[in-house]
Amino acid sequence: MRGWGRMWIFGSCAVLALLCLYQCYRKRKQRKILDAKLRNSPRNRSAYLGLRNQGSTCYLNSLLQCLFLAPNFTNILFNYIPSHFRIWGQPGIVYQLQKLFINLQYGRTAPSTQEITDSLGINNVHQPQDVEKYFRHLVNKIGEESGEILQLFVLDMVHCIRCERCDKKTILPNCMLSLPLSIQQPHSSLTDAFSVKDALDNFLKQKELTGENKCYCDLCESKQDASSLFYFKYLPKILVIILKRYEFYNTSFRKLHDKVSVPCELTVPQSSSTEENAIQCMYNLFAICHHHGGVRGGHYVAEINSFEDNHWYHFNDAAVCKIIEEENLLDTKISDTAYLLMYHQQNAHIPSFLEKNQLNSYMQNLIDETLRRCENHIFLV
Ligand SMILES: [Zn+2]
């Protein structure tokens with residue numbers, strides 16, 4: 001009898017163990033089907049993912065989120081096969097950005113930017129940095145691999161200096177990745193916020209160079225009164241404007257906390273010479289990097305308009321939230337923290353994110369590999 005009892009207990013345990021195993025198998029299978037669905041379609045875009053802060057890397061996080069949601073940028077990036085796959089070499093910044101943006105587009109948790117900081121040579125992630133400096137650094141580094149991506153941002157400008165005495169014109173071409181605009185009002189007014197439109201008009205206005213500012217003229221072989229004028233020969237698809245909030249004062253830098261009015265639509269003239277009629281180029285604001293704090297440090301966040309649903313989102317490292325409805329309807333944003341602005345050309349094609357099956361096979365494989373690694377990492381944790 002005792003033998004039968006033992007066998008009954010053993011049998012029950014075996015059945016229970018088999019049931020448990022079957023349940024585990026079923027759950028695992030269901031998860032695999034769900035994961036496959038997640039893998040093959042971009043994640044729910046109404047909730048974008050944030051980026052983990054490594055210490056003081058909020059400047060980089062804000063910038064990367066602006067680029068991820070920059071019209072055309074991510075699709076061009078995803079269609080590019082990095083040079084180290086074609087010729088022997090180490091993976092560069094384009095490959096690291098592709099992997100990060102795959103995580104932002106298809107992943108489930110805020111990814112780390114460690115491989116990006118390594119690739120950019122950022123040794124001290126606890127050191128606060130300037131977002132404009134790292135925008136130029138990042139885009140130049142991308143440009144070493146892909147001229148097409150770099151070209152999205154290149155602003156072709158001309159500086160024309162005309163001698164008042166002999167009328168000789170000196171043309172100085174200048175290519176830039178961002179346009180720095182002064183936010184100091186020519187006529188001080190304490191009530192109104194200085195507009196980006198006024199700052200642009202001031203920048204493009206002809207200025208007289210007299211007194212201490214006289215220019216040396218080759219033809220006159222002496223310093224002469226002159227006029228100085230900037231104009232745009234070629235405007236980029238993505239126009240980056242820097243509001244000059246830092247100025248040298250006495251013996252050190254100080255930050256200007258002036259309120260600036262940032263229009264959602266901006267008209268920028270483009271001309272091939274000063275005499276010719278300028279073509280008006282329309283731009284739409286889609287991203288603002290805000291800097292809170294002073295010269296010694298602070299915090300960066302980004303405010304971005306998604307080209308997918310036309311809503312504004314607030315990106316604060318790993319936290320992302322939708323901005324309240326009323327703010328989406330404003331045609332001007334007034335801010336004392338706006339620092340780096342991104343506009344896209346109104347006539348430029350605004351795509352949706354490409355589906356996985358629209359990408360080349362290199363990218364499809366990279367998506368699978370990146371997500372597999374990500375899942376293994378989650379499993380190990
Ligand atoms: Zn002269």
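1. A residue is buried if 20 or more other C-beta atoms lie within 10 Å of its own, exposed if 12 or fewer, and partly exposed in between, the C-beta atoms being placed from the backbone. With 14 C-beta neighbours inside 10 Å, Met176 therefore counts as partly exposed.

2. The model is predicted: local features need pLDDT of at least 70, side-chain atom pairs count only at pLDDT 80 or more, and totals for chains, interfaces and linings use all residues. Residues are numbered from 1 along each chain as its sequence is written.

3. Met176 lies in strand β2. Helices (H or I, at least four residues) and strands (E, at least two) are DSSP runs, numbered from the N terminus. Leaving aside neighbours within four places in sequence, Met176 is in contact with Leu155 and Met157; contact requires that the C-beta atoms of two residues, placed from the backbone, lie within 7 Å. The C-alpha atoms of Met176 and Val240 are 64 residues apart along the chain and separated by 9.7 Å.

4. Strand β2 belongs to an open sheet of four strands, in the order β2-β1-β8-β5, with antiparallel pairing. Two strands pair if DSSP finds at least two bridges between them. At the edges stand β2 (169-176) and β5 (207-209); each has a single partner strand, so one side of each is left without a neighbour in the sheet. From one strand to the next the twist averages 30°, where axes are lines fitted to C-alpha atoms, for helices over the stretch in contact, and angles run from 0 to 180 degrees between N-to-C directions. Strand β1 (residues 155-163) is joined to β2 by eight bridges, and Arg162 has Lys169 in β2 as its bridge partner.

5. Which residues touch the most other members of the largest nonpolar core? They are Leu63, Cys66 and Val240, in a core of 71 residues. Helix α5 (residues 93-106) gives the most to this core, with nine residues. A nonpolar core is a set of buried Ala, Val, Leu, Ile, Met, Phe, Trp, Tyr and Cys residues joined through C-beta atoms within 7 Å. Not counting residues up to four places away in sequence, Leu63 touches Val131, Tyr134, Phe135, Leu138 and Cys289.

6. Eleven of the 14 residues of α5 are buried, so this helix is largely enclosed by the rest of the structure. At 1.5 Å a residue, α5 should span 20 Å, and its end C-alpha atoms are 20 Å apart, which agrees; the expected span is 1.5 Å times one less than the number of residues.

7. A second open sheet has three strands in the order β4-β12-β18, with mixed pairing. Its edges are β4 (194-195) and β18 (332-335), each with a single partner strand, so one side of each is left without a neighbour in the sheet. Two bridges join β4 to strand β12 (residues 260-263) in parallel, whereas β12 and β18 pair in the antiparallel sense over four bridges. Val260 is the bridge partner of Phe194, and Val260 also has Ser335 in β18 as a bridge partner.

8. Is each face of β12 covered or uncovered? Val260 and Val262 make up the covered face, while Ser261 and Pro263 make up the uncovered one. In a regular strand the side chains alternate between the two faces of the sheet. Pro263 is partly exposed, with 18 other C-beta atoms within 10 Å. Ser195, Val196, Lys197, Asp331 and Thr332 are touched by Pro263, not counting residues up to four places away in sequence. Between Pro263 and Ser195 lie 68 residues in sequence but 7.7 Å in space, C-alpha to C-alpha.
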